[in-house]
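Okay, everyone, thanks for coming.

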Amino acid sequence: FCDVGQGDGAYIRTADKIDIVIDAGPAKAILTCLGRYMPFYDHTIELAFLSHPQKDHFGGYTYILERYTIKNFITSPLSNDARSFTELRRKLFQTNTNVRYLYAGDSINLKNTHINFIWPEMQYVKDHSIKKDSNDIDPTSDIFNPIGDLNDFSQIFVFTDKKTKILFTGDASPSVLDIISKKFSKNSLFPVSILKVPHHGSKNGLTSDFLQLADPTLSVISVGKNNSYGHPSKEVIGFFK
């Protein structure tokens, strides 16, 4: 888990030498993390994930694309009208990065690594968004403008490598976590080894039911020191006492 300030960013290198980035923080601090842990001769990231299009999760990808090649960029088909996100989409398109939109039920299977997506559901995206017209940035893709909170569309998946399971949650809200807690109350994906606590430990994130479902050995809260949001909240910290 990378120190990216007030945001999310994580890096994984598998035993099969697959480089994976999950969110990239708000700015260039992610490069320090990659420079420290990726082999200096390796400039290819096989899998990059963006949980949802908010800058504290996508901002660093602009800098990554200037220094590394991203083979596959995995996200949800959601738009953000911010200029910085438009620029990121343009760079992905110009660098011929393979952009893939995945939903609940989809999976990525490598030699010893499996990634199982549990949110968002395709129907949820269609019911809570408006389809956006294609444009010259990426004319081939179906992009949606979300209705309501972008956090509700956060991509949630379980990364499994042999016996280690990591649950990535983006900024998922309590309403989404409640849906997942009910649907996955009995599922082989859980419990997990590590939980990336949703929404930087905000009270508008983790719920006790979801924590009980995940039942992690270790939980990680990604926040910026002395941030203006008051993250992590006392309520969420209280879950772990």
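**A walk through the model**

Let's start at one spot: leaving out residues up to four places away in sequence, Ser 202 touches His 231, Ser 233 and Val 236, where contact means heavy atoms within 4.5 Å. You'll find Ser 202 in the loop between β12 and α6; helices (H or I, at least four residues) and strands (E, at least two) are DSSP runs, numbered from the N terminus. Buried or exposed, this Ser 202? Buried, with a relative accessible area of 5%. For us, buried is under 20% relative accessible area, exposed is over 50%, and partly exposed is in between, with a 1.4 Å probe and protein chains only.

Quick housekeeping. This is a predicted model, so local features need pLDDT of at least 70 and side-chain atom pairs count only at pLDDT 80 or more, while totals for chains, interfaces and linings use all residues. Residues are numbered from 1 along each chain as its sequence is written, and side-chain values use heavy atoms, with hydrogens and water left out.

As for β3, five of its six residues are buried, so it is largely enclosed by the rest of the structure.

Now look at helix α1, residues 29–37. Which of its residues are buried? Ile 30, Leu 31, Cys 33 and Leu 34. Seen down the axis of α1, these fall within an arc of 160°, so they line one face of the helix; that arc is taken from the directions from the helix axis to the C-beta atoms. Gly 35 and Arg 36, on the other side of α1, are exposed. And what covers the buried residues? That includes β1 (9–13), β2 (19–24), β3 (44–49) and α2 (55–67).

Cys 33 has another story, by the way. A disulfide joins it to Cys 2, S to S 2.1 Å; the rule is a pair of cysteine sulfur atoms within 2.5 Å. This links distant parts of the chain, with Cys 2 in the segment before β1 and Cys 33 in helix α1, 31 residues apart. The torsion about the S-S bond of Cys 2 and Cys 33 is about -60°, so the disulfide is left-handed. Both cysteines are buried.

Over to the other sheet. Here six strands form an open sheet, with mixed pairing, in the order β6-β7-β10-β11-β12-β13. The edges are β6 (107–109) and β13 (218–220); each has a single partner strand, so one side of each is without a neighbour in the sheet. Further in, β11 (residues 164–168) and β12 (residues 194–196) pair in the parallel sense over two bridges, with Leu 195 in β12 as the bridge partner of Leu 167. Helix α5 (residues 174–183) lies across β7 (113–119) and β10 (156–161), at about 115° to β7.

Last topic: cores. A nonpolar core is a set of buried Ala, Val, Leu, Ile, Met, Phe, Trp, Tyr and Cys residues joined through side-chain atoms within 4.5 Å. The largest has 28 residues, and Ile 118, Ile 156, Leu 167, Ile 180, Phe 190 and Phe 210 touch the most other members. Its largest share, four residues, comes from α6. Apart from this core lies another, of 23 residues, among them Ile 30, Ile 45, Phe 58 and Tyr 68.

Methods:
Pairing = 2+ DSSP bridges. Axes fitted to C-alpha atoms, helices over the stretch in contact; angles between N-to-C directions.
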